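I opened my notebook to look up a few things in this model.

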Amino acid sequence: MPENWANPAGLDLHLQLHLEKSPTRPARALEHALRTAMADGRLTPGTRLPASRTLAADLGVARNTVADVYAQLVAEGWCEARVGAGTWVGERAGHPRPSARRPAPGTPPLDLRCGIPDVSGFPRRAWATAARTAVTRAPDADLGYPPTQGTATLRRVLADYLARTRGVHGDPEHVLVTRGFGDLLAHVCRTLRTRGVRRIAVEEYGHERHRRIITAAGLTPVPLPVDEGGADIAALPGTGAGAVLLTAAHQFPTGVPLEAARRVEAVRWAERTGGLVVEDDYDGEFRYDRRSIGALQALAPGHVLYAGTASKALAPAVGLAWAMVPDGFLPALLDSTASAGGGADALHQLTLAVFMEEHHYDRNVRRLRARYRARRERLAALVADALPGCRVTGLAAGLHCLLELPPGTPEERVEQAARERGLLLEGLRTFAAAPRRAARRPALAIGYGAPRAQRYEAALAATVEAVTAAIRPAIRPGA
Ligand SMILES: Cc1ncc(COP(=O)(O)O)c(C=O)c1O
């Protein structure tokens with residue numbers, strides 16, 4: 001058990017590496033030792049960590065091992081680093097011990113629900129600077145009522161950004177900016193209804209809120225089965241729907257991509273029938289294993305309405321989403337938007353335009369990608385180690401995945417066991433538009449975006465406990 005008394009900035013730090021538990025994995029042992037020291041308060045926010053070379057020499061491990069562990073902890077938000085200034089314990093750390101002890105009364109719940117981004121690292125300073133620049137620069141004309149379609153500046157910036165990062169085809173004249181995706185979906189559905197559409201096909205698993213918006217706009221959502229290839233597009237013609245809502249890049253919440261043949265099949269259906277494909281690309285920027293698949297919209301810009309949002313890459317509070325709208329659909333959609341009260345907040349739009357033009361948006365996406373990727377890998381490693389019979393499925397992408405449970409495990413029981421441990425978890429069935437098909441294994445839809453960095457370990461520990469507790473009685477009767 002090598003020990004180390006490093007002396008960073010006058011602070012004695014006693015690290016114990018339990019190498020006997022993982023003799024071939026010094027990185028894992030070091031990571032554990034540092035996390036524990038941060039969690040129990042021995043390493044407090046702002047504390048400089050020893051230089052990787054010094055710590056490596058003290059512990060007798062490779063320098064790269066230390067550097068990799070530091071990088072991992074930075075990616076997860078436990079630590080911060082700057083070239084030339086070293087690595088230190090993050091300001092947001094005040095880390096509880098990563099155990100699943102019963103929460104004290106009044107403690108806010110741990111949260112692993114889907115669809116919630118970690119906003120603790122919101123780039124407040126860069127956003128505030130962009131806001132000041134935007135207001136200073138804005139001509140008087142930009143301070144009037146916002147154009148229904150969105151400010152010309154932001155539409156231009158978005159058209160460039162979407163072409164560059166997602167391969168979306170279209171010019172600023174076809175961009176529409178709205179107050180979030182929900183607002184956009186409501187306008188799209190109302191427009192479809194004025195054109196005589198009564199049904200829209202949706203994936204059988206998805207946001208309940210989106211289905212409510214669809215219904216409130218006077219359309220009926222008709223579920224399409226979802227399997228490992230995404231939505232079953234072959235079932236689309238039989239639904240009688242005039243439009244289909246797809247999360248093609250990363251199905252929400254099962255995490256699978258729409259397979260290539262089905263992407264083509266979906267646009268062929270739209271071309272053949274005059275139907276509209278609504279592509280909800282809510283987390284398309286977040287792919288971790290390789291470059292993202294481009295937007296489906298590029299296959300048929302005249303038939304696919306592409307939608308993106310600032311809620312994941314920035315924060316839901318920004319309250320902006322955007323669409324690249326097919327030519328033939330745009331005038332009617334603008335009418336609907338205007339009659340529902342007009343455009344999104346212009347100052348926010350101008351701020352976002354500056355923020356994107358100065359590449360802060362790209363930078364933030366890159367930073368979040370590293371953080372979410374690390375969280376996902378940590379979850380997958382923990383499940384592989386601690387939860388036999390369970391597995392993490394879905395693309396290495398986005399802010400969520402499925403944690404499949406052993407067949408027969410009641411999802412409700414896991415949710416209840418989690419609640420008792422102060423953790424919010426949701427079973428896959430809670431996203432279902434229709435009763436579950438027998439073939440589908442029970443699963444949890446895990447959102448690893450929601451917790452602040454310093455609560456993530458505790459949320460994972462509570463998950464392991466809750467699943468273990470719920471599985472045990474399920475196994476006993478046959479034992
Ligand atoms: C599937 C899906 N689509 C779209 C969105 C974005 O919605 P909004 O822009 O209203 O935050 C979310 C956010 O959670 C989502 O999960």
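Is Phe252 buried or exposed? I looked up its relative accessibility, which is 5%, so Phe252 counts as buried. My cut-offs were these: buried is under 20% relative accessible area, exposed is over 50%, and partly exposed is in between, with a 1.4 Å probe and protein chains only.

**Ground rules**

I noted that this is a predicted model: local features need pLDDT of at least 70, side-chain atom pairs count only at pLDDT 80 or more, and totals for chains, interfaces and linings use all residues. Residues are numbered from 1 along each chain as its sequence is written, and side-chain values use heavy atoms, with hydrogens and water left out. Helices (H or I, at least four residues) and strands (E, at least two) are DSSP runs, numbered from the N terminus.

**Aromatic pairs**

I read that a pair of aromatic rings is described by the distance of the centres and the angle of the planes. Rings of Phe, Tyr and Trp (its six-membered ring) pair if their centres lie within 6.5 Å; planes under 30 degrees apart are stacked, over 60 edge-to-face, and the rest tilted. By this rule I found six aromatic pairs.

Phe252 pairs with Tyr282 edge-to-face, at 5.7 Å centre to centre and 90 degrees between the planes. Phe252 sits in the loop between strand 11 and helix 8 (260-273), and Tyr282 in the loop between strand 12 and strand 13 (304-309). They are 30 residues apart. Tyr282 is buried too, with a relative accessible area of 7%.

Next I checked Phe286 and Tyr372. Their ring centres are 5.8 Å apart and their planes stand at 75 degrees, so this pair is edge-to-face. Phe286 lies in the loop between strand 12 and strand 13 and Tyr372 in helix 11, so the pair ties together parts 86 residues apart in sequence. Both Phe286 and Tyr372 are buried.

I also noted one aromatic cluster, formed by Phe122, Trp127 and Phe355.

**Helix 7**

Which residues of helix 7 (208-216) are buried? I found His210, Arg211, Ile213 and Ile214. Seen down the helix axis, the buried residues fall within an arc of 155 degrees, so they line one face of helix 7. The arc uses the directions from the helix axis to the C-beta atoms. The face turned away from the buried side carries exposed Arg212 and Ala216.

What do the buried residues pack against? I listed helix 6 (180-194), strand 7 (199-203), strand 8 (220-224), strand 11 (243-246) and strand 12 (276-280). Contact means heavy atoms within 4.5 Å. After helix 7 comes Gly218, with a positive phi near 95 degrees.

**Two sheets**

Two strands pair if DSSP finds at least two bridges between them. I traced an open sheet of seven strands in the order 6-14-13-12-11-7-8, with mixed pairing. Strand 6 (175-178) and strand 8 are its edges, each pairing on one side only. Four bridges join strand 13 to strand 14 (321-324), and these two run antiparallel. Thr309 stands opposite Ala321 in strand 14.

Another open sheet has four strands, in the order 15-16-19-18, with antiparallel pairing. Strand 15 (391-393) and strand 18 (426-427) have a single partner strand each, so one side of each is left without a neighbour in the sheet. Two bridges join strand 18 to strand 19 (443-447). Glu426 has Ala445 as its bridge partner in strand 19.
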